[in-house]
Amino acid sequence: WRSWHRQPITSMYTESAGWPTLAVKLAKQMGGVKGLHPQVRRYFESDTCRRVLVAVSGGADSVCLLCLLWALREQLNLELVVGHYNHGWRGETSDADAAFVEALADSLNCDFRVERCMDDSVEKTETSARGYRLDFLRRAAGQMNCAVIALGHQANDILETQLLRLARGSGSEGLAAPRPVHYFPEAPTHVRPLLGISSASICQIMSNLGLPWREDASNQNTEIARNALRHEVVPALAKSVDRDIIAGAIRSQRLLEEDAIALRLLAEEQFPGAFSGKGHLDRAALCGAPLALARRGLAAWLAVHGLMESLSAASMDLLLE
């Protein structure tokens, strides 16, 4: 797991005595289990999982997530494993981030798994970074017998994702992301306990308690689309409409998720063969169904046969026509 040389970091990050106490204080400040997104809380309380891989980058959101879950671990009967993917794009700074997360995991007595990207030819984009990180997290979860991966997405991520996907032309499934609890047929379930809390609130609570975290300087680079939305577009939009647009995004995400679930259930009823791997589809039945259901049935059938990734959104529209 550790194919890189860990550089020493400052004593304030390696001292372990304060982390457990601060984690308990943070959980109390956030309202205990009520600080978790309601869907995630119900999921944890349903006895469906025990071992959870917590993805920790070292930033405020993921450090907050780890501390909150650690403080609630006995109440929720959870065992935590910490996972960190080191892209290595910022040299010694990236290694210092990994060392910070390892020190935090050690201080909380959590198992720790880390991997460093050793391929210098990897294209340095948000998409490639997300793909490599997700691949590592799923492998680590499997090796550590974790059925769940906890991610530190918060409320601001909902609005940013909606805006990015609107530009791409997404439907209700895409605009409902990121989901609080996201199931995958052959991969660990993803949970996002902090989706109901804004980034500003997380940073304020962390700062008030004196909890340190690592800042990624690349997050200020507005040439990256998500950063431009975060630092330029979203503040301008909030000012122009004079509303709490984060709260609006949270509500829209919930409504869109409700619609997406309902439409999928209806599509499963109308086209059961599309979801079970049947070798063919009834074209007449597809043509006679509402387009929203036909789209879902066709997409499910293509996905079952490993064909969905080869189609662009425009190609899917042409196929439906």
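**Strands, helices and loops**

Strand E2 (residues 79-86) and E3 run parallel and are joined by six bridges; strands pair if DSSP finds at least two bridges between them. Helices (H or I, at least four residues) and strands (E, at least two) are DSSP runs, numbered from the N terminus. This is a predicted model, where local features need pLDDT of at least 70, side-chain atom pairs count only at pLDDT 80 or more, and totals for chains, interfaces and linings use all residues. Residues are numbered from 1 along each chain as its sequence is written, and side-chain values use heavy atoms, leaving out hydrogens and water.

Within this pairing, Asn86 stands opposite Arg116 in E3.

Now look at the loops. Asn145, in the loop between helix H6 (126-143) and strand E4 (148-150), has a positive phi of about 60 degrees although it is not a glycine. Asn145 counts as exposed, at 62% relative accessibility. Asp242, in the loop between H10 and helix H11 (245-270), also has a positive phi, near 55 degrees, and is exposed with a relative accessible area of 69%.

Finally, the peptide bond from Ala177 to Pro178 is cis, with omega near -5 degrees. Pro178 is found in the loop between helix H8 (172-175) and strand E5 (181-184).

How values were computed: Buried < 20%, exposed > 50% of the residue type's maximum accessible area, 1.4 Å probe, protein only.
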